[in-house]
Every structure is written in structure tokens, then in C-alpha cells.
Amino acid sequence: MPIRLEDVLKHSTLTPADPVIRAAAGIAAQTQLRWIHSSEVLDIAPLLGGGELLLTGGQALVTATDKRRIGYIWELAERGVAALAIETGTALPSIPSSMVGAAESAGLPLIELRKVVPFVGVMEAINSLLVSESAAHLQLADQASHAMAVELAHGGSLDRILAVLADATGAEVVLTSNAGAPLASALPAGFAPAADPGAAVDAEEDRARTTHIDVSVRGIPSARLSLLTQAGGDVNLARIAGNRSVDILALALLQRMPPGLKEMAGAALIRAVDSGTNNWRLQQLAPAAGIPPAAQLVAIVIRSPGSRQLRTAVEQLLDRAGRHSASYADNEQLLALAVLRTGKTQEDRNEILAGLRTLELPEGSISAVGPVASGISAAPWSLTEARLTLDVGVGDALHPAARRGIGPVLDAEAFALERLASHSLDELQRTDFVRQQLGALLEHDEQRHSTLVETLRVWLDSGCNTAQAARELHLERQSMHQRLQRIFSLCGGDPRSTGRLAALHLATRLAAL
């Protein structure tokens, strides 16, 4: 019988912790556990296999930034972790609301342990129960995998191969392409549809009973296997059997629809651009990937806990905006190249920026579009500048999102000054330059807790348009004029008549870093 999260929360080893569910409570009743693990490491997700109840004392969360805490939640959810239990106390009085919100959005049950219990005792007691269940699951999964291999050897269709998996797991099984197109599906024998087909489906419950597994062919993500366990079914068996079937399905896909040269060359091209491969290699790979070597193109970098799942949506966006594209997802980073049409370079680039801003990204995601590169040989430069934009712009992105149109999508062209300074000046030189240009303003802000440097930056960013700057800063026009008069008196006069405009503008942009 599957061991569920609600059963574990009532176990004698865990009830002294006074557990309470803070997020995704609707999923908890259906959540089945494969293992219990404890860790204080925030980068634990890649080391987990899915289905775990993760216990943590929260020590690392105390010093982590809010962005890192949210990323931690999404990484665990992306990995398929069953639930996260955080011990609160003196160091961490309560679970941050940002984590609760992220867990609710990600569908990850989040439990607060309000009292201290020995994690070792909890794990020993519960994992001993899970071990015997896991051994039975592995035996059934191996039998299913063998039966699928026999079906493949006898020339069975993808539907027949999936039917073996569906019967073994009691789950509805669907195989889709990266673009979401159905490739094959199967229902378990004796499947009984709902008495009322029009009844509302509980999305959270379905999510708790659904297992998603990526299927790669020759290292290229080519399809996704989804197993929806019937109500009361064994999710852990579906997860284990699904993972055991990946190699069989990859072989079946390779026989029926091998990945084309263009897709393979595109992934290889992105890796080559990222690693700084010699130009001759880029010239060789680009045509095979459908990218003319002399084309105008831009590089895109997306840092997100859900980078692999975003790949299809990003590829579709780039195909609409340009004519050819290539992408590669690795860990928490999605890299892409997009070819821009001749004569419509800026129009296509603007469309890519606008499209990225409409994508639904996991909390904590941020992306950048690099400058236009002339030819594939300049693609590494565009990629480098996109990454640099993320590095220099992430601090500025914390200012009001409307400013300079940034939000979670950064335009490398909007950070040209910062990128130039990063290449030309080291940190000490940048600090000295800012102090030389803005010393009096910085001293005023430090002593009086004012924001004159930011006011000057917004005013200069607006093209010295006082009315626009006042709107962005939510100030009355008279208050804006008073601030500018104070700034001018500290800077030695109106910079528009001193020849210092460019230097002051650069200094304010560097100060924001």
C-alpha cells in the first residue's frame, strides 16, 4: 500500500514536531512518498530523484536572499520532490511568505515543523517502511521494461509499447513531442472513465498524480512521457516504471523518427558558441543547423529553475520572430540563437524582446537578449554580452520594473554603458570614477538618506525630460524641480551647460550597479 504524506505527518516520530501544511494543502492528501531525505544544502535538487519528502532545519535559508529561497522552491518542484518540511525556531521564526507563495504556485506541499525533532529517527522509521515497497516497485518496473523491450523487438507500435507500461502501472500514459504534439498514448486495461465526463477536474489533484519524464535521443531532449495515475493508484510505481522505460522509448523513437541533422547540429552549435570553439567549427555547424554563416543574429540567455520546460515555448517564439533558431537547455540555463531577417533586424529583435516578456516564467527567472551579431563568428560575442547584461543589470532590475522597460527581461542595448565600463574599468576604477563625478551627491544621500543620485539617473535616462522623470519617480513637478536645483548646486551647475552630461550619466548608471 502506498505511503502518503498525510500518513507520515501523523507518524509517531513526526507528530512531536507539530507539523502544519503551509502551501499546496490540496495536494497533500494525494501525495505519495518514495523516500525521506534531510539536507541543509540549497543546491540539493540535482541530487534528488523525485518523490522525496525533504527535511531541512532552515539554517541555510536564514542567510539566503529572497530570490534564492524562491529558486530553491522551484528547483525542488521541477525535480519532482514530493514535499518540503522546514523546521522553524529561533533562527528562522517562520517560513517566508515568498516561499509559501512560490510553493503554492509550483504545487509543492510546504510543511512547517514548529518544534524540533531528530531527523535521523524520522528517516530511519519511515524509510524502513519505504524500502520494502521500493523493492517491490523495482521488480514490477523491471518486468514492465522487459515486456516493452519484447514488444519493440517484435515491431510493436509506440501505442502498443505504451500499453504495456499502462497495464503495469495502472496509469494513463501519453508520449508527446517537445512541441506538445501527441506521439502515442495508452490506457490501462479495464480503465473506467469518470461517471460524469463533464465534471470539473481538480487541477492540483491531477498534478499530484501526474509524473513527467523527459526522453532524450542521442542526448537531445526529444519527447516527454506523462503518466497520470488513477485515483488511489500507486504514483511511485508509475515514477519508477516510467524512468525504467526511458531507454526503450528512446530506442523506439530513434527507429521511427530519428532526430534530424538540423536539430542535432543546432544543439551542437549552441554548445560550440558557449564554449568559445574555433570559428571554423562555427562556420561548419551553422549551415547544418539551418543558420546562414553571414546572417544577422542575437543570442538569448534565460536563467530559470524551469529552463528545460521553457525550451519549447522559446523555440516557438523565435521561429515566429525570425526565420531560424537553435537552443540548448542545461541545468538552470537556456541558451538560444535567433536569426534576424535582412532589412528587419531591429524589428525582429524588438519582437523577440516583447515575446519574452509575455512568457509565463517561474518566479526568480531572468533573461537577456544580446546585441546584434553580424555573422555566426560574432555569436559568442553576443552571448557573452547577454550574460554580462544579466550580471550588470540584475541589480538595476530591482528598481521599479517600468524603468527602462526591463522587468525580468533585460535588453543588452539598454545597458551598453554598463557593459562598456565593465570591459574597460575594473571595480576600483569604476568606484573612483563614480566618486569623482558624484562625490557631493553621494555624501548628501549617505548623510540625509536622500535619493539624489537616483533622481539624477532617472532624469538623465529620460533625456533630461523633467516632466517624464517626475512621473517615473511619482513626484510632483515642483518637488522634482526642487530636487534638480539641489543636485545642480552640488554638481557645480546645470550639467547641460557644463559639458559634463555624458560623464554624469555614466557615473549614475555605474552607481546603480
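## Basis of the model

Residues are numbered from 1 along each chain as its sequence is written, and side-chain values use heavy atoms, with hydrogens and water left out. Because the model is predicted, local features need pLDDT of at least 70 and side-chain atom pairs count only at pLDDT 80 or more, while totals for chains, interfaces and linings use all residues.

## The chain as a whole

The protein chain has 21 helices and 15 strands, where helices (H or I, at least four residues) and strands (E, at least two) are DSSP runs numbered from the N terminus. Of its 513 residues, 48% are buried; buried means under 20% relative accessible area, exposed over 50%, and partly exposed in between, with a 1.4 Å probe and protein chains only.

Contact here means heavy atoms within 4.5 Å. Among contacts between residues at least 6 apart in sequence, 68% join residues at least 24 apart.

## Helix α7 and what follows

Helix α7 covers residues 158-169, which is 12 residues, and from its first C-alpha to its last it reaches 17 Å, close to the 16 Å expected at 1.5 Å a residue. That expected span is 1.5 Å times one less than the number of residues.

The buried residues of α7 are Leu158, Ile161, Leu162, Leu165, Ala166 and Thr169. They lie on the same side of α7 because they cover an arc of only 140° around the axis, the arc being that of the directions from the helix axis to the C-beta atoms. After α7 comes glycine 170, whose phi is positive, near 70°.

## Threonine 176 in strand β6

Strand β6 (residues 171-177) holds threonine 176, which is buried, with a relative accessible area of 18%. When its neighbours within four places in sequence are left aside, threonine 176 is in contact with Ala181, Pro182, Leu183, Ala223 and Arg224.

## The cavity

A cavity is a set of points, on a 1 Å grid over the protein atoms alone, where a 1.4 Å probe fits but cannot get out, and lining residues have an atom within 4 Å of a point. The count comes to one cavity of 30 Å³ or more, and the largest cavity has a volume of about 40 Å³, a volume being the space filled by probe spheres set on the points, which are joined across faces, edges and corners.

Ile270, Val273, Ala299, Leu335, Ala336, Leu337 and Leu383 line the largest cavity. Both α11 (261-275) and β12 (333-340) supply at least two residues of this lining, and β12 gives the most, with three. The lining divides into seven nonpolar, no polar and no charged residues, with Ala, Val, Leu, Ile, Met, Phe, Trp, Tyr, Cys and Pro counted as nonpolar, Asp, Glu, Lys and Arg as charged, and the others, Gly among them, as polar.

Definitions and conventions: On a 1 Å grid over the protein atoms alone, a cavity is a set of points where a 1.4 Å probe fits but cannot get out, and a pocket is an open set with protein on both sides within 12 Å along at least five of seven lines; lining residues have an atom within 4 Å of a point.
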